Amino acid sequence: MSVLTSTCPATGDTVWTGPVASGADVDAAVARASVAFRDWRRTSLEERVAIARAYAAVLKARTADLAELIARETGKPLWEATQEVGTMVGKVELSIAAQAERAGEKRSAMPFGESVLRHRPHGVMAVLGPYNFPGHLPNGHIVPALLAGNSVVFKPSELTPAVGAAMANAWSEAGLPENVLQVVQGARETGAALVAADIDGLLFTGSATTGAHFRRAFAERPDVILALELGGNNPLIAWDGDVTEVAALIVQSAYITTGQRCSCARRLILPAGAFGDAVVEAVAALIPRLPIGRWDENPYIGPLISDAAATTAHAQVAALEAAGARAIVPFGGIEGRSAAFVTPALLDVTGVVVPDEEIFAPVLQVVRVADFDAAITAANETRFGLSAGLLTDDDALWERFVIEARAGVVNRNRPTTGAAGAQPFGGIGDSGNHRPSAYYAADYCAYPMASFEAGSAAGNWDALKPVLGAGAA
């Protein structure tokens, strides 16, 4: 039997160990989920809501323990892990509201009876979770899927299995019936087995490369609902304003969670000249002041998820520098710390041809442009379209940016990572497949069923008699 182990990226300490689900294990879990779905879909919405609220209560009661587990397994600071648990708790009430608004039941009186709109669950939903928000992001799929009446088979990231197991335990304690939610642990092989199984939906958060693979794999499986939440090469235009405030917003956009948010700013677009120079100087001065450390040392930045992730990021930065990028603040490691610890980088790539790729690390690329037309052009020069931002006090520039920006999350004078749970979250291009999550997750967790309903068949013969002629009885 294969064994999966997760470790703390800051210390190398073992966090969790458990068995890997084989292909046969995955098929058995899906089969059990299919059976459980038959009863779960028949439960009343009120009952499902009550269990979801009980789950939120369990999470809230376990906030400290769950936050520490998230922090240890991901390396993120404890304050940020605590925020993640709070977001998971809040997701329940938001999902209940979204279910009622976007996937509820509506009735309209008709001359013959009534017209009814209902929403029905798809069946067995596979959820593949990411490592950067191992609780919040899969939670955003699982809660609405269960509220809609689906059963779920969940494979957490192989880097954060302990958080996935803790979530399933919380649902069990909340009273969720057996096999309605199951966790299968493992890496790529386990995920591939789940994707190939007899599922009715795949809800995935992860890289654009994997998302493109799923698009191809499901091209001939139109019966399976596919919801993809992918990455981005996100632009942030800083055009005017107080330089100190602008620099603070840039740092929050690019370096929070050690750059491991899909909505982090990757490209900083500045006007050539004094303002752009001042912004670069202010950001460069802030970077060394950002505390970096272990999750329990109250840092602003923790390590990347693994030594391997750091190796990949170092190689990407080296390739940029080989192409001509100039390091304003270099990307580096930290002596005496694990290889997963890195320092934030600020690179000037003006005039350099760079790949349109997401660097999932605290690396920000600066591009200087001549005017606002060029700024918008540069912002939109990407195959992605998740988030974008504009820092300006000029209302006219903002109104233009809202019209011309190609992204699903577009913020003004706020970090690119800012998003409300009561709004949709998702992008265009290679950042998704037009199925935004968050508040709109209710849309892909159920399908609409439209009905005309009458209490009896009376009146239909009378409606037909005129076309049958005089011989009709």
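Of the 473 residues of the protein, 52% are counted as buried, a class that takes in residues under 20% relative accessible area, with exposed meaning over 50% and partly exposed lying in between (1.4 Å probe, protein chains only). The model is a predicted one, in which local features need pLDDT of at least 70 and side-chain atom pairs count only at pLDDT 80 or more, whereas totals for chains, interfaces and linings use all residues. Residues are numbered from 1 along each chain as its sequence is written, and side-chain values use heavy atoms, with hydrogens and water left out.

The secondary structure amounts to 15 helices and 21 strands, assigned as DSSP runs (H or I, at least four residues, for helices; E, at least two, for strands) and numbered from the N terminus. The radius of gyration of the protein is 25 Å, close to the 23 Å that the globule rule gives for 473 residues, so the protein is as compact as a globular protein of that length; the radius is taken over C-alpha atoms, and the rule is 2.2 Å times the number of residues to the power 0.38. Along the principal axes, the C-alpha atoms fill a box of roughly 90 × 55 × 40 Å. Among contacts (heavy atoms within 4.5 Å) between residues at least 6 apart in sequence, 72% join residues at least 24 apart.

The accessible surface comes to about 20,000 Å², of which carbon and sulfur atoms hold 53%, as computed by the Shrake-Rupley method with a 1.4 Å probe. The protein carries 36 positive and 50 negative side chains, and the centres of the two sets lie 5 Å apart; Lys and Arg count as positive and Asp and Glu as negative, while His and the chain ends are not counted, and each charge is placed at NZ of Lys, CZ of Arg, CG of Asp or CD of Glu.

Two buried residues are located in strands. R266 belongs to strand 11 (residues 265–271) and counts as buried because its relative accessibility is 1%. The side chain of R266 reaches the backbone oxygen of A361 at 3.3 Å, which falls under the definition of a polar contact (a pair of N or O atoms within 3.5 Å, of which, within protein, one must be able to donate a hydrogen and the other to accept it, residues adjacent in sequence counting only if both atoms are side-chain atoms). Beyond its neighbours within four places in sequence, R266 is in contact with residues including N233, R261, E358, F360 and A361. L203, in strand 8 (residues 201–205), is buried with a relative accessible area of 0%.

N132 lies in the loop between strand 5 (124–128) and helix 5 (136–148), and at 8% relative accessibility N132 counts as buried.

H434 has a phi near 60° and lies in the loop between strand 19 (424–425) and strand 20 (437–438), where H434 is exposed with a relative accessible area of 63%. A438 has a positive phi of about 60° and is found in strand 20, but A438 counts as buried at 16% relative accessibility.
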